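Subject: Structure handover

Hello,

The structure you asked for is below. My notes on it follow.

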Amino acid sequence: MAPAPAPEILAAFEAAKGFMPAGEGLALYAAAVDAGRLGLPLLEVGTYCGRSTILLADAARAAGVTALTVDHHRGSEEQQPGWEYHDPKTVDPETGLMDTLPEFRRTLHRAGLEEHVVALVGRSPQVAKVWGTPLGLVFVDGGHTDEHANADYEGWAPHLAEGGLLVIHDVFPDPEDEFTGQAPYRVFLRALESGAFTRVSESGSLRVLRRTGRGV
Ligand SMILES: C[S@@+](CC[C@H](N)C(=O)[O-])C[C@H]1O[C@@H](n2cnc3c(N)ncnc32)[C@H](O)[C@@H]1O
């Protein structure tokens, strides 16, 4: 049976602001528990308000590793004012810009998971460029344009250890189903075509791949 988070962790996930449905959250959690066995950090691209981070943090705690989460906290294209996924409560009244960092910090505090997470505040490719530690899991849930999704893959997949898991969110093979573009689907195909990754599982729009070869 797939590992599942404790009821209080699941409740914290469900109470947190964000977009991930519970079924996909459970699949992410199972992947994080699996990857935690490597004893390496688990990294997320796309923190937003910390909904999915809760699950990575709980799996990291159990494995004795750290969860890392990268975001500039200014929101993706589809989360900006006037777009479908905009939440006016995420706007900083002083700058007039989105700032999801305060809500993220509240989310982790409420869940009691602060000490298991390191938040990396910055642009994903910039952080990836200076990164030097192998990773047990890379969860890609950042910008959904081809530019951003490819940069996340190119920046972080090279740091993924042999046997580590690459998890991609919002993979929609059917253009009828997509709501923020098919760039994550194209990155999923790219990872498979590289020959470096093997399919593990899929749940909703979440895809889990294992690094079974070198390269990206
Ligand atoms: C779909 S949300 C993440 C949702 C989150 N994983 C959850 O479960 O609620 C995407 C996030 O990626 C961030 N983002 C988009 N492009 C980015 C980039 N190039 N560098 C860093 N963060 C980025 C946005 O600020 C946004 O918070």
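Helix packing, ligand shell and a buried strand residue

The axes of helix α2 (residues 22–36) and α3 (51–63) come within 9 Å and cross at roughly 30°. That makes α2 roughly parallel to α3, a label for angles under 35 degrees, with roughly antiparallel kept for those over 145, roughly perpendicular for 65 to 115 and oblique for the rest. This is a predicted model, in which local features need pLDDT of at least 70 and side-chain atom pairs count only at pLDDT 80 or more, while totals for chains, interfaces and linings use all residues. Residues are numbered from 1 along each chain as its sequence is written.

Helices (H or I, at least four residues) and strands (E, at least two) are DSSP runs numbered from the N terminus. Axes are lines fitted to C-alpha atoms, for helices over the stretch in contact, and angles run from 0 to 180 degrees between N-to-C directions.

On the α2 side, the contact with α3 is made by Gly25, Leu28, Tyr29, Ala32, Val33 and Gly36; α3 contributes residues including Ser52, Leu55 and Ala59. Contact means C-beta atoms, placed from the backbone, within 7 Å. By class there are ten nonpolar, three polar and no charged residues. Ala, Val, Leu, Ile, Met, Phe, Trp, Tyr, Cys and Pro count as nonpolar, Asp, Glu, Lys and Arg as charged, and the others, Gly among them, as polar.

Helix α1 (residues 7–15) also packs on α3: their axes come within 7 Å and cross at roughly 160°. That makes α1 roughly antiparallel to α3. Ile9, Ala12 and Phe13 of α1 meet Arg51, Ile54, Leu55 and Asp58 of α3. This contact has five nonpolar, no polar and two charged residues.

The ligand has 22 residues around it, of which Gly18, Gly46, Ser52, Ser124 and Gly143 come nearest; a residue is near if its C-beta atom, placed from the backbone, lies within 6 Å. The shell divides into four nonpolar, 13 polar and five charged residues.

Val45 is found in strand β1. It counts as buried because it has 27 C-beta neighbours inside 10 Å; 20 or more is buried, 12 or fewer exposed, and in between partly exposed, with C-beta atoms placed from the backbone. Beyond four places in sequence, the contacts of Val45 include Val70, Ser124, Asp152 and Trp156. Asp152 and Trp156 are also among the buried residues of helix α6 (residues 146–156).

Regards

Key
Contact = placed C-beta atoms within 7 Å.
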